[in-house]
Amino acid sequence: QCSVVCPTGAIVVRNDTAKLWKELSDKNTKVIVQIAPAVRVGIGKELGFSEGQNVMGRIVAALRRIGFDEVFDTSTGADFTVLEEAEEFSKRLLTGDNLPLFTSCCPAWVRYAELNYPQLIKNISTCRSPMQMLASILKEHHRNDEKRVVVVAVMPCTAKKQEAARDEFKEDGVPYVDYVITTQELIHLIKEANLIFSEIEPEAVDMPFGTTSGSGVIFGVTGGVTEAVIRRLSDDKSSFALRAIAFTGVRGMQGVKEARIDCNGREVKIAIVSGLKNADDLIRSIQQGEKQYDFVEVMSCPGGCIGGAGQPVTNRDGKYNRGAGLYNADRMSNIKRSEENPIIKELYDGMLKGKVHKLLHVNYRKSEMY
Ligand code: SF4
């Protein structure tokens, strides 16, 4: 096992990794890490595996050897996002207010809308991103710890660093997510720690926040958020219905997809876009009255987070393989729907009572430039 401090001393690549080694070596600090869905299928090729291979268990084990005290899966946060977003969407469908509902998981999209379409901010979901939801829950859980608690997020994304720095995601000036490192930075950490990734035995994430659903895992690919929300909204919980949802048009690497579903007898029109140019074109067509939707998923990176700027560069086939890796993980998951994740009920009945808005939602209208 490697030591909790950088064994090589060659720590200067990004400030975040340098600061992180310092946190990891501080005995009075508990360092908790969460891993985004897309990272598990984006990191392997650089470390001796095939493109798109799911190496989550090895990432977990590597992070423990590097010195992280607790390791979690951002997919758990995504399960909370699914429940909150599905409820928010249902309410908006009833009132007709602020439709279409635009998703809020992608900070680059949120920022793009703030700068270019401020009139659409009211349409963006108030749900925090999965990273922020899980971080808020973790900080709340450890509120009375004797040690200082630091939350780190391994993300496929450089925009998540800016999201973590936003004032809305701080409590008394302290961010819920203290550090964001990208997949590329994690590769660097693993190499600095002299770990031979391919020889590490896979391990499971920690409890009590270690249960996830397949719905949470597919957040990493374009259409995944929508598919997860449809699973939640669907009255038919059979496995046949689950398979049918996958064929509504939500899957595939196209930059613009459309789906129509029935929700309580009403036809719901959905658009899924990845790539900001596609989002721009779609918004214009909505504004010009050419298109009408109830729900719009926007991911800034083509293909979704699997193609994020913090991931090793890949091509279209590589993205396809990464997406397939996440869908395989969903297929192998024995919990398919977010609402079936046992930690969800436990936390809504416990820690989250009276704190759902504080810990799981955000008001972007107050946002300032960062
Ligand atoms: Fe980050 Fe890209 Fe995912 Fe948006 S789509 S959250 S910018 S990786």
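In the predicted model, Arg166 forms a salt bridge with Glu114, and the closest N and O atoms of the pair are 2.7 Å apart. The domain assignment of the protein places residues 15-75 and 130-199 in domain 1, while residues 79-128, 212-310 and 323-366 make up domain 2. Between domain 1 and domain 2 the count is three salt bridges. Polar contacts across the interface of the two domains involve 10 residue pairs, with both residues at pLDDT 80 or more.

On the side of domain 1 that touches domain 2, the elements that give two or more residues are helix 2 (39-42), helix 6 (130-141), helix 7 (159-165) and helix 8 (183-192). Helix 6 gives the most to this side of domain 1, with seven residues. By class, the residues on the side of domain 1 that touches domain 2 comprise 11 nonpolar, 10 polar and nine charged.

The C-alpha centres of domain 1 and domain 2 are separated by 24 Å. To the contact between them, domain 1 contributes 30 residues and domain 2 contributes 36 residues. The size of an interface is often expressed as the accessible area lost when the parts come together. For domain 1 and domain 2, the buried area is about 2,600 Å², and carbon and sulfur atoms give 66% of this area. Of the area that domain 1 buries against domain 2, 25% is supplied by Ser75, Met133 and Ile137, more than by any other three residues.

The structure as a whole holds 33 salt bridges. One of the pairs is formed by the side chains of Glu51 and Arg322, with an N to O distance of 3.1 Å. Glu51 lies in the loop between helix 2 and helix 3 (56-66), whereas Arg322 belongs to helix 13 (residues 316-332), so this pair ties together parts that are 271 residues apart in sequence.

Most residues other than glycine have a negative phi, and most peptide bonds are trans. The peptide bond from Leu99 to Pro100, however, is cis, with omega near 0°. Pro100 is placed in the loop between helix 4 (74-95) and strand 3 (101-102). A cis peptide bond also joins Met207 and Pro208, where omega is about 10°. Pro208 occurs in the loop that runs between helix 8 and helix 9 (214-217). Asp172, a residue other than glycine, has a positive phi near 50°. The position of Asp172 is in the loop between strand 5 (170-171) and strand 6 (174-175).

Terms used: Residues numbered from 1 in each chain as written. Predicted model: local features only at pLDDT ≥ 70, side-chain atom pairs only at ≥ 80, totals over all residues. Heavy atoms only, no water. Domains from an automatic or database assignment. Contact = heavy atoms within 4.5 Å. Buried area = accessible area lost by both parts, 1.4 Å probe. Salt bridge = Lys/Arg side-chain N within 4 Å of Asp/Glu carboxyl O. Polar contact = N/O pair within 3.5 Å; in protein donor to acceptor, adjacent residues only side chain to side chain. Helix = DSSP H or I, 4+ residues; strand = E, 2+ residues; numbered from the N terminus. Nonpolar A, V, L, I, M, F, W, Y, C, P; charged D, E, K, R; others polar.
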